Structure formats: C-alpha cells, structure tokens
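Morning, everyone. Please have the model open on your screens, and I'll walk you through it.

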Amino acid sequence: MAEPLLEVRNLKVHFPTDDGLVKAVDGLTFQVMPGETLGVVGESGSGKSVSFLTVMGLITRKQAIIEGEVIFQGQDLLQIPTDEMRHIRGAKISMIFQDPMTSLHPFYKVGVQISEAIRAHQKISKKEARDQAVEMLRRVGISKPDERADQYPHEFSGGMRQRAMIAMALSLNPDLLIADEPTTALDVTVQAQILDIIDRLREEFNASVVIITHDLGVVAEHCDHLQVMYAGKIVEYGTADDIYYRPHHPYAWGLLGSITRVDEEHKERLHPIQGLPPSLIFVPPGCAFNPRCPYVFDKCRVDVPELLPSDGHHAAACHLPLADKERIFAEEVAARS
Amino acid sequence: MIRYIIRRLLWVCVTLLLITFLTYMIFFVMPPTRPEVNFAGKQPTPELIAEVKKQFGLDKPVIYQYGLFVKRIFLGDEYGWPGLGFSFTSRSELKPIIYERFLVTLQLALGAAILWLMVGIPIGILSALRPRSVFDRAAMGFALFGVSTPVFFLGPVLLYIFWFNLGWLPGTGFYPIGKYGLSEWFLHMIMPWSVLALAFAAFYARMTRGNLIEAMGEDYIRTARAKGLSERRVVMKHGLRASLTPIVTILGLDLGGLIGGALITETVFNLPGLGSYAVKSVFSGDLYAILDVTIIASFFITFANLLVDIIYAFLDPRVRYT
C-alpha cells in the first residue's frame with residue numbers, strides 16, 4: 001500500500017462566537033493518496049471548505065480551536081511554525097477558490113500575480129519568473145499568453161480567470177491541489193472545460209487533487225473517490241460508482257434523489273431532503289442527520305455513528321444494518337430517481 | 001481620456017464663472033453697498049465720492065463691471081496676467097499681495113499635509129491590523145478627539161502651553177525662510193501645522209483603518225496568503241494598495257480645499273495667508289480682493305477634483321473614462 005500524501009486524523013475546528021461554539025469540523029479523518037482525485041461533497045455549512053483551509057494553515061489557532069493531526073509528507077502541519085507552513089503553502093500544497101474575479105487582485109496584472117507566487121518560493125529574477133508565468137498561462141490553455149500576462153483580471157473572462165488561478169496554483173509544481181468550488185461561479189459550458197484542465201494537469205504535474213463542491217454532477221466523472229460531508233463529519237466515503245450506484249447513507253440518498261434529470265418526464269414533485277441544515281452550535285445529539293432522516297430510530301438519537309467500511313473502502317456512518325440499506329435503496333430510492 | 005479632460009476643464013470654467021458671478025451679486029446686494037463712500041475717507045464731499053466711484057469703476061452698471069472683470073482675468077489688466085485688479089483698501093495692485101499670501105497658505109497646507117499623512121496613515125494601519133486591541137481603541141479615541149476639537153480652541157491652548165508656559169516654541173506670526181532662516185521659520189510653523197493636521201490625521205487614521213480592514217477581508221487576500229506570501233507583503237502590497245486609492249482621492253480634495261479654507265488657523269496664529277486675507281477683505285468691503293481669493297480657492301478646489309479623478313484612473317485599472 002502506498003503512503004498517503006495527506007492524512008487527516010480526527011480534525012476538529014471549533015469557532016468561538018458570541019452565540020456559542022460553532023463546530024464547523026467535528027472529528028474528520030480521511031486520506032488523500034498520491035495521484036488521485038478526491039471529491040468532497042456537501043451542502044453549505046458541512047465543513048468542507050473549513051477543513052481544507054485549516055489544512056492549508058489559512059485558518060489558525062488565532063481564529064479557532066483546532067485539534068487533531070494533519071500529516072503531510074511526514075509532518076504534522078498543525079504543529080510546525082508558521083514560517084515553515086508558509087513555505088509549504090503555495091509550493092507543496094496549493095488552493096484555488098470559488099470566485100476567480102474577487103480572488104485575483106484587481107490592481108495588479110495577471111502575469112505579475114503569478115510571478116509573485118513563484119518568486120515567493122524561488123530565488124529567480126523577475127524576467128525568469130515572468131517567463132514561467134507566461135508558460136503556465138499557455139499550459140492552462142490561454143491563447144496569446146504573452147499579451148495576456150500584461151492584462152488585468154477584469155480584462156479576462158470568467159473561465160480565463162479561473163484558468164489563470166489554476167496556472168498560479170500549479171506554477172510551483174505542488175504535490176496537492178485543493179480546488180474549492182472551482183466551477184461554481186462559472187457558466188455551465190465553461191465548467192466542463194475547467195474540470196478537464198484540472199484532470200489533464202493532474203496527470204502532467206503528477207499531483208493529487210481535491211475538488212470541493214456541492215454539485216454532484218461535477219464530481220461524477222472527475223473523481224476517483226468521494227467523501228460526503230455533513231455537519232462537520234464524513235458520512236459516506238467510496239468510489240464515485242459506490243456513491244452513485246450503491247449509496248449507504250440516507251443523506252446520500254436524499255442528495256441523489258433530489259437531483260432533477262433533464263431526460264425524464266416530470267411526473268412527480270421534487271424530493272428535497274426534509275428539514276433544515278443543522279445548527280453547528282447546537283448539533284443534534286447522536287447522528288447529526290437524525291432530525292431529517294426518514295429512517296431514523298432510537299439509537300440514532302443517542303449514539304454517534306462511526307464511519308465503518310461496508311465493503312472494501314466503501315464506508316458509511318449510519319446505524320442502519322447493511323441489508324436494510326441495500327433494500328431501502330433498491331426499493332425506494334432508486335425507483336424514485 | 002483627453003476628451004474627458006477637456007470636458008471637465010470646460011466645466012471648471014463654467015463653475016468659476018458661476019461662482020464669481022454670485023460673488024459679485026452678493027457684494028452689491030449686501031452692505032456696505034456704497035463702497036465708494038467707505039473708501040473716500042472721513043467726511044467725504046460728493047465730488048470726492050463721485051471721484052472714488054469712478055476710480056473704482058463703480059459708476060458703470062454691475063453687469064458691465066462683471067463682464068470687464070471676467071475679460072481681465074483671461075486677458076490681463078494694466079498690472080499683468082491674470083488681471084487680478086487692485087485693492088480698494090490699499091489702492092495698490094492685488095497681484096503681488098495675493099501671490100505672497102498664496103505662498104504662505106501653500107506652506108501651511110503642504111506642511112500640515114505631510115504631517116497628517118505621516119501620523120494618520122500608520123496609526124490607521126496599525127489599528128486595522130489589531131482591531132479592538134488596546135492600541136486600536138486608544139487610536140480611535142484620539143481620532144475622535146482630533147475631529148471634535150475645533151482649531152480655535154486647540155490653537156490658543158497649544159500656544160498657552162508651549163509658548164506662554166513652557167517657552168519651548170515661539171509665538172504667532174510668519175517668519176519666511178529667506179529672511180529669518182530655516183530654524184525660525186520651522187519653529188513658528190510647528191504649532192499651526194500640528195493644529196491644522198490634527199483633525200485631518202484623525203480622519204485619515206479612521207479612514208485608513210476602515211479601508212484596510214475591509215480590504216483585508218477580500219478574497220484576493222486569502223489568495224495572497226494561499227500563495228505563501230509573507231504576511232507583511234500581504235498587508236502592504238495587497239491590502240494597503242487597495243485601500244489607499246480612496247485616500248489619495250481625499251487627499252487631493254483636502255489640499256484643494258485648504259488653499260482658501262485654512263482661515264481659522266491663519267487667524268489664530270497670525271499667518272498672512274489667503275484665508276485670513278479673505279476674512280479681512282470681506283470685513284473691509286474690498287471687492288476685488290474678495291473676488292480674487294474666491295477665484296483662486298474655487299479654482300483649486302475644482303481643479304483638484306479633476307486631478308484626483310484622473311489620478312484615480314491611473315491607480316485603479318478598472319476605471320476608464322471616455
């Protein structure tokens with residue numbers, strides 16, 4: 001078995017606020033293997049962004065109470081000094097964000113912003129850095145990269161800006177790229193292009209990629225493994241096939257069941273997941289999903305379910321017996337969607 | 001851009017015409033409406049009054065006088081260009097007087113500006129980086145004091161403390177460098193600079209703090225940190241760069257406004273600048289002196305407006321004028 005590139009163990013990120021302690025991430029354990037693409041799926045407030053911002057060191061102990069371990073290439077990133085972390089950030093682990101328009105500085109040229117990233121970690125001349133920046137722009141598929149490097153972000157289209165962000169993130173050949181909702185702010189037609197670029201570059205750069213999204217469609221084709229998050233915990237983990245064809249958690253059923261399909265007639269009303277997203281201050285006892293779960297029983301309200309594997313690496317955090325899950329899915333959920 | 005500038009310059013002219021016209025009208029409507037009597041000396045005879053009236057050009061219709069005035073501004077009068085006329089009170093040409101006074105006001109304004117930038121902006125930055133800390137609260141308290149304390153109060157208080165009591169600084173008055181040397185000039189300017197700068201420093205500190213806090217919450221700051229840049233670089237090159245643009249704009253407007261507007265400071269510290277001259281001229285009914293100060297002040301304000309708009313386009317690449 002290969003060594004995981006990133007291993008997160010029992011990560012907890014709690015924010016003290018005037019209204020109470022917000023448990024944004026509450027016991028997260030997962031791995032990212034070298035060369036794989038991991039999809040992290042969940043609704044707003046599930047903790048998916050917060051967990052990776054903490055991995056990057058962009059959320060620190062000044063803002064939140066952080067527990068657990070984040071092991072990257074043999075080091076616990078939560079224990080190393082901020083200066084060391086700064087050298088890892090951008091060079092070994094990179095992150096791109098949701099809205100490329102606001103994520104790029106409006107007053108600096110795009111080429112300058114990319115060169116800046118390079119020169120923060122390597123001692124090279126401005127000219128060399130610019131050449132590398134232009135090369136990166138070319139690699140992400142921006143035509144006339146030399147001209148474009150001297151333009152400002154507002155002169156780029158949305159898709160181009162995101163490509164520029166990807167170029168910036170990959171300019172130092174990181175081992176791990178974290179893409180936080182990379183396509184959410186883009187047109188549908190552009191979304192596919194961006195995801196394809198990420199795929200291609202993952203191979204070219206031999207990196208691992210984490211795609212954080214709330215859009216199940218985005219991850220379907222591009223991810224090797226998926227983890228579904230809810231209320232700061234992972235509720236299901238598996239390959240894309242596992243999650244889409246054999247899901248074992250009522251939340252995943254709800255997600256899949258609530259997707260509308262363009263190619264079917266709409267005979268019935270949509271099936272949203274009943275109830276509201278949980279408060280992260282007053283998290284429901286036991287399984288956090290229990291107030292909304294159609295299959296809830298007594299144990300769910302008391303015991304927190306552990307993420308246990310059901311077959312191979314496919315794991316779900318649910319008290320329902322496996323046989324019941326398979327039956328329910330086959331009879332009710334699959335029939336409905 | 002050039003077309004925009006030309007359009008704006010035309011508007012500057014229109015504005016100045018309007019302002020001077022209004023000033024003329026106000027002068028002839030408000031007392032004293034018979035300047036020729038005031039300036040004819042004690043117990044003037046009717047002949048003398050008529051003579052003075054003619055000398056001042058007041059025997060012509062008001063509109064005609066105004067037209068003449070406008071023409072002279074653009075084309076010059078018997079004293080040179082621009083035609084600033086002559087003073088009723090001193091019976092001498094105004095141009096050198098105005099020029100001298102303008103220089104004094106300029107020294108006051110620029111010195112104060114340098115001071116308030118050097119004090120206000122760093123305080124604003126430090127406050128923004130440590131919001132709600134002891135330093136921040138103290139700094140914003142100082143800011144509140146600074147904007148609330150009027151110059152006519154603070155000026156005499158400082159004079160009392162530093163000149164009258166402690167004797168550390170000399171008293172009021174303006175001592176030009178050419179005649180009295182650098183040290184004398186500087187010592188006499190410290191208090192007026194400080195008093196004038198205080199309110200602005202406070203305002204700029206608050207503004208810098210607010211802008212920087214807002215800028216530091218933007219997404220591109222998160223990107224900058226994600227790139228692995230040092231925190232210093234993130235604050236100075238990314239945060240500050242974005243928050244200084246409005247400050248540059250306000251600075252231009254403030255400086256423009258100070259040219260005619262520092263009159264309280266000038267009066268308290270006995271500095272012969274344009275502001276105190278304006279006050280003097282209004283009280284003595286010296287028409288052309290009033291007009292000249294009005295024109296210069298208005299010109300600087302409107303021109304500063306145009307200048308800061310142009311500068312803004314250079315600072316913020318998203319702004320383009322057509």
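Predicted model: local features only at pLDDT ≥ 70, side-chain atom pairs only at ≥ 80, totals over all residues.

Start with chain A. It is divided into domain 1, residues 6-223, and domain 2, residues 229-336. Their C-alpha centres lie 29 Å apart. How many residues of domain 1 of chain A are in contact with domain 2 of chain A? There are 23, and they meet 15 residues of domain 2 of chain A. Now look at the domain 1 side of that contact. Strand 2 (20-32), strand 3 (37-41) and helix 9 (216-222) of chain A each supply at least two of its residues. Strand 2 of chain A gives the largest share, 10 residues. By class, this side of domain 1 of chain A has 12 nonpolar, 6 polar and 5 charged residues.

Over to chain B. Here domain 1 covers 2-75 and domain 2 covers 95-315. The C-alpha centres of these two domains of chain B are separated by 33 Å. In the contact, 13 residues of domain 1 of chain B meet 12 residues of domain 2 of chain B. On the domain 1 side, helix 1 (2-29) and helix 2 (35-38) of chain B each supply at least two residues. Helix 1 of chain B gives the most, with 9 residues. The classes on this side of domain 1 of chain B are 8 nonpolar, 4 polar and 1 charged.

Leave out residues up to four places away in sequence, and A:Val228 still touches A:Val41, A:Gly42 and A:Tyr251, among others. Its contacts also include A:Ile234, A:Val235 and A:Glu236.

That takes us to strand 10 of chain A, residues 233-239. Is this strand enclosed or open, and why? Of its 7 residues, 6 are buried, so strand 10 of chain A is largely enclosed by the rest of the structure. What does it pair with? One partner is strand 9 of chain A, residues 225-230, antiparallel over 6 bridges. Within that pair, A:Met229 stands opposite A:Ile234.

Last stop, A:Cys300. Find it in the loop between helix 11 (250-257) and strand 11 (308-311) of chain A. Is A:Cys300 buried or exposed? It has 23 C-beta neighbours inside 10 Å, so A:Cys300 counts as buried. Beyond its neighbours within four places in sequence, A:Cys300 is in contact with A:Gly286, A:Cys287, A:Asn290, A:Cys293 and A:His319. Look at A:His319 in that list. A:Cys300 and A:His319 are 19 residues apart in sequence, and 6.6 Å apart in space, C-alpha to C-alpha.

Terms used. Residues numbered from 1 in each chain as written. Chains lettered and ligands numbered in written order. Domains from an automatic or database assignment. Contact = placed C-beta atoms within 7 Å. Helix = DSSP H or I, 4+ residues; strand = E, 2+ residues; numbered from the N terminus. Nonpolar A, V, L, I, M, F, W, Y, C, P; charged D, E, K, R; others polar. Buried ≥ 20, exposed ≤ 12 C-beta atoms within 10 Å, placed from the backbone. Pairing = 2+ DSSP bridges.
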